[in-house]
Amino acid sequence: MTSIGRLIPLFVALLLAVAGAGAAPAAHIKAVLEAETLRPAAGSRITLALGMTPERDWHGYWLNPGDAGAPADIVWTLPRGATVGSLRYPVPQRLIVQGLMNYVYERPYALLMTLTVPKGLAPGTPLRIAGKARWLACSPTICVPEQGPVAIDLTVGDGAVTAASRARFDAWRAKLPMPLGQMASFEAKPGKLRLAIPFPKGRPVTAPYFYPATDGVADYAAPQAISRRGDRLIVEIKAARNPQPVQAIEGLIAIGPDRGLMVTARPGPVPAAGVPIAGAGDEAGEGGGWRTFLLALGGALLGGLLLNAMPCVFPILSLKALSLARSGETDRHARVEALAYTAGIVLSCVALGLLLLGLRAGGAAAGWGFQLQDPRMVFVLLLLVTAISLNLAGLFELRVVGIGEAMTKGRGALPAFWTGVLAALVATPCSGPFMAGAVGAALLLPPAASLAVFAGLGLGLALPFLLVGFVPALRRLLPKPGAWMDRLRRILSVPMFLTALGLAWVLGQQAGVDRLVQGVGAALLLGLALWWVGARQAQGKRHSWIPVAPVLAAVLALLLVTPSGGSPAAAAPTGEAGAEPFSEARLAALQAQKKPVFLYFTADWCLTCKVNEKAAIERPAVREAFDRAGVVVMVGDWTNGDPAIGRFLEAQGRSGVPLYLFYDKDGRQETLPQLLTPATLTALAA
């Protein structure tokens, strides 16, 4: 893979390394071999990682280092029958030194590979996986060829993987480029190389850049022009000075920070350039362009606004209706409540965004609505919604504590703020129109821009109430306060009770019958305590809320001693009868067999998903049409945050559910709208 042009600067760098070898005897990149499990099963395949940690201002190289450099390699010493696959590299970064383009890693990274364990080994058999690794470490002024032994001792066992190891390896896998399922095409013209890479037009892309893996076809340091034309990314690169004829060009197209697709291109027609992508092909665009940010922000605002009408948000509308009806009697009061309500929603969305980004930085495949993937969170929400329902029904008032008053019918900034917090917390589990793409793009942007998109989502959700607070003409359309408000309050307790019932069902689906009984029992105890509170309030007693304290203490103790994970019984995927559980390997096999596939991702906590399933997916007419056309239905259940599904959603530019995909016989992928009808689905089978 080494060209003559690359050898010259590398030779100079090696001379400098020899001159400075005595001053820097220690390795500038620390290499450590790790295994995802220390007890692999006989005949299994496990993932190994060569963890690389560069010193400050030092870097290692991608498999094609660019104009100068060298990739890593390992010479293995393995037990008989064991094999290790080739190194898999994460998406690199670009570094220009003295006009030379380098494809490098300046932060800690890992090279992954697959170890095949010999068959027939007895449990307890020791396996020493050892090798001699070589890599090139460079700073802006010097390069040092480094090497060292790497080894790890394994024992044949049951193949169990600890949660910490799974999270660490998942974080490394998330930075590997995904294989592109379709072939790209290229045209080699005098002085120019043009590629057409299949890429769905509805999927966001941030600062794309093409890293050639095939050497000698492109001028690495030259700027790239990348545009979109329909379902294609058009890449235009200056050709290498003396390009060699090739029958295929391999490479990596970066589509966002640490995200990319491996591409194989063969000779073929390439359409004319399309709409240029901001920040594409240059260093200044790394991390996201203004165009992507503005599109994501606009999508978040519109998605948040439409989220008010989504089925998963409807229960919270009761609180908002009461807040609107009880808005301040003066313009000042109305504006204060509108701003406080908006602040509650926006700050909650930003806080959820911060937590989401933190979880993803730690390797978790978390997405929008992640808070309802933890049964403990569902447990708490069940009790909270139960308390709100009883408050709306008039069973009690908690003026002293402020929970019921603030959440439902109080006046002023604090009640409106907490109404906004609750609205954001319950509204976020489902993705609405425009929102999925916006949040997916936000997760590819730098942290500050990403949080701005989350804030935009909250602003869109709060916009109707904000307009009523600041536009007197809209406020005058509301009915005047009166006795009807108490009747409406009790009527609106019904959807809140239904929400509590739905949360109890989600809890049972996630964590099994035992946790469902615990949740319902705790809600019953809380209801009895709140009934006692209401009775004490009616008698005018002080500290009427005291009966709630022991119930809350017991609930807290239960949450602290109970693990977050669901029971094994809850792990089975849900979906239409006859649907296959999601598997990337199975999906690839069906595509290879040229079978049409309808793939949808759902979660028990997503009401939009459930509405679509009952109203469209599970209808007899749809099932019959799919059966006639031989459409295979595949379902991915993300209720408990399956990391494999999280990774697949990321690859589609999404961060939440629902997501509906259809793969035609020729492998062409179509992303369906988030609100389905039977006609939409039966048309796929036509």
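Visitor: Is D219 buried, partly exposed or exposed?
Guide: This is a predicted model, in which local features need pLDDT of at least 70, side-chain atom pairs count only at pLDDT 80 or more, and totals for chains, interfaces and linings use all residues. Residues are numbered from 1 along each chain as its sequence is written, and side-chain values use heavy atoms, with hydrogens and water left out. Buried means under 20% relative accessible area, exposed over 50%, and partly exposed in between, with a 1.4 Å probe and protein chains only. Because the relative accessible area of D219 is 25%, D219 is partly exposed.

Visitor: With which residue does the side chain of D219 meet in a salt bridge?
Guide: A salt bridge is a side-chain nitrogen of Lys or Arg within 4 Å of a carboxyl oxygen of Asp or Glu. D219 lies in the loop between β14 (209-212) and β15 (225-229) and its partner in strand β16 (residues 232-238), so the pair ties together parts that are 19 residues apart in sequence. Helices (H or I, at least four residues) and strands (E, at least two) are DSSP runs, numbered from the N terminus. The partner is partly exposed, with a relative accessible area of 46%, and the N to O distance is 3.9 Å; the residue is K238.

Visitor: How many residues apart are E34 and R168?
Guide: E34 forms a salt bridge with R168, the closest N and O atoms being 2.9 Å apart. E34 is partly exposed at 21% relative accessible area, and R168 is likewise partly exposed at 33%. E34 lies in strand β1 (residues 29-35) and R168 in helix α2 (residues 163-173), so the pair links distant parts of the chain. Their separation is 134 residues.

Visitor: Which strands hold D153 and R128?
Guide: The side chains of D153 and R128 meet in a salt bridge, with 2.8 Å from N to O. D153 is exposed at 51% relative accessible area, whereas R128 is partly exposed at 47%. The pair ties together parts that are 25 residues apart in sequence, because D153 lies in strand β10 and R128 in strand β9.

Visitor: In what order do the three strands of the open sheet lie?
Guide: Two strands pair if DSSP finds at least two bridges between them. Strand β9 (residues 126-138) and β10 pair in the antiparallel sense over 13 bridges, and the bridge partner of I129 is I152 in β10. The edge strands, each pairing on one side only, are β4 (73-77) and β10 (143-155). The order is therefore β4-β9-β10.

Visitor: What is the relative accessibility of Y341?
Guide: Y341 is found in helix α5 (residues 331-361). Y341 and A462 are 121 residues apart in sequence and 7.2 Å apart in space, C-alpha to C-alpha. Y341 counts as buried, because its relative accessibility is 0%.

Visitor: What is the phi of D57, a residue other than glycine?
Guide: D57 lies in the loop between β2 and β3 (60-66). D57 is exposed, with a relative accessible area of 56%. Its phi is positive, near 70°.

Visitor: Where does D258 lie?
Guide: D258 has a positive phi of about 65° although it is not a glycine. At 24% relative accessibility, D258 counts as partly exposed. Its place is the loop between β17 and β18 (259-267).
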